[in-house]
Amino acid sequence: MAYKHAPATLSRRSVLGAGLAAVPALALTRTATALADLVSRQDTAAAVITPVDPQFASLAKGTNQRLNGSPDRVVIATSTQQVVAAVAHALRNGQQIAVRSGGHCYEDFVTNAAVRTVIDVSSMDEVEFDAQRGAFAIGPGAQLGHVYRQLFRRWGVVVPAGNCPTVAAGGHFAGGGYGSLSRRNGLSVDHLYAVEVVHVTASGEVRVVVATREANDPNRDLWFAHTGGGGGNFGVVTRYWFRSPGSDGRDPTRALPSPPSSLIISEVAWPWEQIDEAAFATLMRNHGTWHERHSAPNSPERHLFSQLKPFHRSNGSIVLDTSVDAGQPDAEGMLAAYIRAVGAGLPAPKVMQHRTVPWLQATTWGGFTGPDSTTRFKGKSTYLRRSYPEAQIKVMHRHLTRTDFANSGALMMIASYGGQVNAVSSTATASQQRDSIIKHQVVSLWNDAADDAANMAWVREFYRDLYAGTGGVPVSNEITDGCFVNYADVDLSDPAWNSSGVHWGRLYYKDAFPALRATKRRWDPLNVFRHSQSIPLS
């Protein structure tokens, strides 16, 4: 059946249906209380932003200014009911859908030219305790900084998640969710209890379903898909619930981990002028060896998280940012030992920062937070099981000191991993990299479109040369273990940059890939929710 696109001149206050009648066939599988709440709402009128509206230029783009969208409409949804109506409207009009929560996508999943309707869920930002489920309900639009503040101020708990406070829950949690507390408390999805999803059936019905981790839940496969299966694949997430395994949910102050009371934060730097190729190799060996020795699930050093940032030489410095739980025995000694171990055999680094701050304030520390929303960027990721091979260290040095390229915002972002992340079985979630010690990315950030080609080439060539022995990508072997789906990289689908013969889905999802395909066929059989690297039906 052919559909016509909705006119691009629709008013930004258009009503997406006058009620449930706007949905061709709405089936809701929720608890009776939740269903009554949904049906009783009279908020079916969502704001619709079109190219004639002043908000459009901002809402057509995400954080990565390299990517430009041109949808017919951006629907600002504030409830599950509005999402249902928006999906139904797009289906009736033959419009490809994309969903945005925080807008931090690395690639064009939302800004692709084929996308005609963007469903923006950034206003769905609740953070509440759901006594009925005994779990914290978090809306997909809730930015991580907001999540941290609400959970901590009201209940003294935390979901271990990312370090950039403007990243939103929607795509972050769907991709697994990790950050500076992950070595201490695991991934975000290790605490995921349930997820609410708007999806479309084979007959075109728009439905709302809740899937939990309970072993007897017939929808459990959909819960599993949201423990690392990536955003935009199965439907629109309209709510997450979090409760740690082992908690009965009766006491919200014990339903999730408590964060540290305070953190020691540290930043040291080595000037590039003091680091020749031999010294650089020493630094990288030291860093990798420390993580090999201190990334076991119960290692005392799981309370330490660090990012080593070898910037391009044009930046002038190699930076090491670190945080340690100040409440741990001899926390200062742990930090000092780490910096000594990483810098052994090198000139003493310059101490840029060293202080103890309360945990909540530390969540906005610039040492770990992501780029601002005015930059252009490209990144490519790797999970490391072991330290860097000598051949890769030579590649790193060569590209970081290239004289035919200069950008102070080009770097390797090398983050500590392992610890309690590796306490979970590789088959328990769709985040299957469960014996890694480091997660890193080759990334460049720049400002001007005129510099796109040079920066894209630097990132791609650097990454290709790192993994020249395995087809230009980090296939799973004794050293590397694929890629992180939330650092999306469409080059993994391109034979020009991935000649390994390993499907991009295996690089992200490993052995979970077939199960995720089956879940896709069950919950999105019409492939309504698709993007440049969405899970294929077959």
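**Helix packing**

A: Helix α8 (residues 277–293) packs with α11 at an angle of about 125°, the axes being 10 Å apart. That makes α8 oblique to α11. Axes are lines fitted to C-alpha atoms over the stretch in contact, with angles from 0 to 180 degrees between N-to-C directions. Under 35 degrees counts as roughly parallel, over 145 as roughly antiparallel, 65 to 115 as roughly perpendicular and the rest as oblique.

Q: What kind of model is it, and how is the numbering done?
A: It is a predicted model, where local features need pLDDT of at least 70, side-chain atom pairs count only at pLDDT 80 or more, and totals for chains, interfaces and linings use all residues. Residues are numbered from 1 along each chain as its sequence is written, and side-chain values use heavy atoms, without hydrogens and water.

Q: How do α11 and α12 pack?
A: At an angle of about 165°, with axes 9 Å apart. α11 and α12 are therefore roughly antiparallel to each other.

Q: Which residues of α11 and α12 meet?
A: Gln392, Val395, Met396, Arg398, His399 and Leu400 in α11 are in contact (heavy atoms within 4.5 Å) with Trp458, Glu461, Phe462, Asp465 and Leu466 in α12.

Q: What do the buried residues of α12 pack against?
A: β15 (376–384), α11 (390–400), β16 (410–416) and β17 (438–446).

Methods:
Helices (H or I, at least four residues) and strands (E, at least two) are DSSP runs, numbered from the N terminus.
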